[in-house]
Amino acid sequence: MMTSITLAGTVRARTAEETWEALRPEIRRLGISRVARLTGLDHLDIPVWTAVRPHARTLVTSQGKGATDTLAKISAVLESAELWHVEQPLKADIHACHRDLEVPYPLQALPTKVDDPALAGLPLDWVTGRGLISGEDVLVPADAVRRQQHRGGQPEIFYVTSNGLACGNNLTEATLHALLEAVERDVLHDDYVTGSRYRTLLLPHTVTDPYCRDLVDRFLNAGMWLEMAWVDNAHNVPVCAAYIWSEDYPIVFAGSGCHFDPRIALSRALTEAAQSRLTCIAGTRDDLDSHENAFAANPARPTLADLPTADWNNLTHHRIPEHDDLDAHLAAIAASVADVTGHEPVAFTLHAAEAYAAVKVVSPGLEMRIIRSIPRPGGRRA
């Protein structure tokens, strides 16, 4: 049994201080030149840090958030470590066509760019992962794991994303967070294509969890517009979305969270929205849109989505976890995903050491958000 430590806004296998001490010797190896505090650039005072990898092949800066500075800088370093691992060369176990292998899922159940049966006859590199229910070896395409695809005339048949990629104190923790991210993206995809059929707006004054209450009050006391939503889903895992807007930065920033503990799902959504805002304030991500037009246009304050509302406690009182066994939570969520999709999730270990573990979860049948932003009813950008 892998027991956990409940911290504000997260559940981990070590204390924040223990995790940071384990990570510090790894920072140089990962190519991280600086871990910097961004918190003071915004008046919300929600801890946000950034880790800088000057020689990154993808994103140079990775942001992290948390209830404390230590948790936020851990988050930033682990986000950067995730990308470092999938940028490294990945040795294939086999090069073969899907139709010639005993793979327990159709290729089209993965995020392919084309839905064509002919893909099954295309030779691919494959690596060996571990089925999260059976525990058996399962082959997955290497290009569904690594961040950079082959070049030199090879067709790129998969969408290359960081979906299902996570680091943690150990394999169980990393795999759980990777699977929860994959579930979150699937739920948000379903929410978008069904016109937010499964959403319920959360009434801010009903949020009683101390950490979430503090986050809500920070936004409201700053005069900001806030919308929070609970997203029901077939996986029966708590998923929340949050949106913020203010006159001093008239853009709707969004965040989402998925966790077996609804309090953590909501806190992640709220802190991610704050992190998104602060990332744009810092200006260190040149892949993000410029918001110059919004400042010039003086847009009106948003209005809440026309959706049913609910009391936070009525929605969540029966969902508060009764135990802290991370292995049990991982098994339960993996079983739920397999029941919904018809395929067990597969975990590929990128790194496993005393300091931390890195995992990529490939879950056939789960969808991804079809736009980069986290949509809310009434608008396609958030």
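Predicted model: local features only at pLDDT ≥ 70, side-chain atom pairs only at ≥ 80, totals over all residues.
Student: How do you know which residues of α3 and α8 meet?

Tutor: The test is heavy atoms within 4.5 Å. On the α3 side that gives T172, E173, T175, L176, L179, L180 and V183, which meet L326, D327, H329, L330, I333, A334 and V337 in α8. By class, the residues of this contact divide into nine nonpolar, three polar and two charged.

Student: What makes α4 and α5 roughly parallel to each other?

Tutor: The axes of helix α4 (residues 210–221) and helix α5 (residues 262–282) cross at roughly 30°. With the limit for roughly parallel set at under 35 degrees, α4 and α5 are therefore placed in that class. The two axes come within 9 Å, and α4 passes α5 in a left-handed crossing. From α4, the contact takes in Y211, C212, L215, V216 and F219, while α5 brings R263, L266, S267, L270, T271 and A274. Those residues sort into eight nonpolar, two polar and one charged.

Student: And α1 with α2: why are they oblique to each other?

Tutor: Here helix α1 (residues 16–23) and helix α2 (residues 69–87) pack at an angle of about 40°. Roughly parallel needs an angle under 35 degrees, and roughly perpendicular runs from 65 to 115. The pair is therefore oblique. Their axes are 10 Å apart, and α1 passes α2 in a left-handed crossing.

Student: Which residues make the contact of α1 with α2?

Tutor: A16, E17, T19, W20 and L23 come from α1, and T70, L71, K73, I74, V77 and L78 come from α2. By class that is seven nonpolar, two polar and two charged residues.

Student: How do you know which residues line the largest cavity, and which lie nearest its centre?

Tutor: A lining residue has an atom within 4 Å of a point of the cavity. The largest cavity has 18 of them, with P111, N163, K360, V361 and M368 nearest its centre. Strand β16 (residues 357–362) gives the most to this lining, with three residues. The lining divides into 11 nonpolar, three polar and four charged residues.

Student: What lines the second largest cavity?

Tutor: That lining consists of T39, D42, L44, D45, I46, V48, A274 and L278. Its classes are five nonpolar, one polar and two charged. A274 is also one of the α5 residues in the contact with α4.

Student: Why is another space called a pocket rather than a cavity?

Tutor: A pocket is an open set of points, with protein on both sides within 12 Å along at least five of seven lines, whereas a probe in a cavity cannot get out. About 340 Å³ of space lies in the second largest pocket. Its lining has 16 residues, and N236, P238, F260, R319 and H329 are the closest to its centre. By class, this pocket lining has eight nonpolar, six polar and two charged residues.

Definitions and conventions. Residues numbered from 1 in each chain as written. Heavy atoms only, no water. 1 Å grid on protein atoms, 1.4 Å probe; cavity = no way out; pocket = protein on both sides within 12 Å on 5 of 7 lines; lining within 4 Å. Helix = DSSP H or I, 4+ residues; strand = E, 2+ residues; numbered from the N terminus. Nonpolar A, V, L, I, M, F, W, Y, C, P; charged D, E, K, R; others polar. Points joined across faces, edges and corners; volume = space filled by probe spheres on them. Axes fitted to C-alpha atoms, helices over the stretch in contact; angles between N-to-C directions. Parallel < 35°, antiparallel > 145°, perpendicular 65-115°, else oblique. Left-handed = near helix turned anticlockwise from the far one by under 90°.
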